[in-house]
Amino acid sequence: MAGESDLNKLLSGMRPRLNPGRYVFTTVEGDVPVGTTPAVTVAEPEGLTLVVRQEEADAAGLAYDYVAGWITLRVQSALHAVGLTAAFARELADAGLSCNVVAGYHHDHLFVPHEHADRAVAVLEALSRRSR
C-alpha cells in the first residue's frame, strides 16, 4: 500500500499518539540483551543502538542518559514524501523541544523528552489543525 505524499494531507492527518512508557537510547556490542524488546534498532559502526523501555534497560544494566516519550504519527507517509519531517521538526524546535525521528515503513516515530511529551503532542496537534 503506497503511503501519502501530499504535504498538506500528511500534516492534517498526522494524528499523533503518545505511546505509553518511558524509552531510552542505549548501545550494545553484539546481540540484543535477553529480556529487552527494542522498539528500534540501528546498526552503527560503534555498536547496536537500541531504543527500549526504561525498565528493560535498567533490568539489563544498560547505560543511558536520555529518557523519551514515543510519539507515533498515525498518517501513513510515503517514504519519498517531501517536507513532513522538516515541518514537524520546525514546530517542535520553535517550541524548544528536541526530537529524534525514526521512519518506519508505515509511520514516523518521534522520540521527545519524556517530561515534555504531552506538550509535544499538543504542538503537533496544533500544526495538524492549522494544515486543514
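**The nonpolar core**

Analyst: The largest nonpolar core has 18 residues, of which M14, I71, L73, F88, L92, L110 and L124 touch the most other members. This is a predicted model, in which local features need pLDDT of at least 70 and side-chain atom pairs count only at pLDDT 80 or more, while totals for chains, interfaces and linings use all residues. Residues are numbered from 1 along each chain as its sequence is written, and side-chain values use heavy atoms, with hydrogens and water left out.

User: Which residues is L124 in contact with, leaving aside its neighbours within four places in sequence?

Analyst: Contact means heavy atoms within 4.5 Å, and by that rule L124, with those neighbours left aside, is in contact with M14, P16, I71, L73, F88, L92 and L110.

User: In what order do the six strands form the open sheet, and which are the edge strands?

Analyst: The order is β2-β3-β1-β4-β6-β5, with antiparallel pairing. Two strands pair if DSSP finds at least two bridges between them; β2 (40-44) and β5 (100-103) are edge strands because each pairs on one side only. As an example of pairing, β1 (residues 16-28) and β3 (residues 47-53) are joined in the antiparallel sense over six bridges, and T27 stands opposite T49 in β3.

**A buried threonine**

User: Why is T26 counted as buried?

Analyst: Buried means under 20% relative accessible area, exposed over 50%, and partly exposed in between (1.4 Å probe, protein chains only). T26 has 6% relative accessibility, so it counts as buried. This residue lies in strand β1, and a polar atom of its side chain lies 2.6 Å from the backbone oxygen of A63.

**Aromatic pairs**

User: Why is the pair of Y23 and W70 called edge-to-face?

Analyst: Rings of Phe, Tyr and Trp (its six-membered ring) pair if their centres lie within 6.5 Å, and planes under 30 degrees apart count as stacked, over 60 as edge-to-face and the rest as tilted. By this rule there are five aromatic pairs. For Y23 and W70 the ring centres are 5.1 Å apart and the planes stand at 85 degrees, so the pair is edge-to-face. Because Y23 lies in strand β1 and W70 in strand β4, the pair ties together parts that are 47 residues apart in sequence.

User: What makes the pair of W70 and F111 stacked?

Analyst: Their ring centres are 5.7 Å apart and their planes are at 20 degrees, so the pair is stacked. W70 in strand β4 and F111 in strand β6 are 41 residues apart, and the pair thus links distant parts of the chain.

User: How do you know that W70 and F111 are buried?

Analyst: The relative accessible area is 16% for W70, so W70 is buried, and it is 0% for F111, so F111 is buried as well. Together with Y23, F25 and Y66, these two residues form one aromatic cluster.

How values were computed:
Core = buried A, V, L, I, M, F, W, Y, C linked by side-chain atoms within 4.5 Å. Helix = DSSP H or I, 4+ residues; strand = E, 2+ residues; numbered from the N terminus. Polar contact = N/O pair within 3.5 Å; in protein donor to acceptor, adjacent residues only side chain to side chain.
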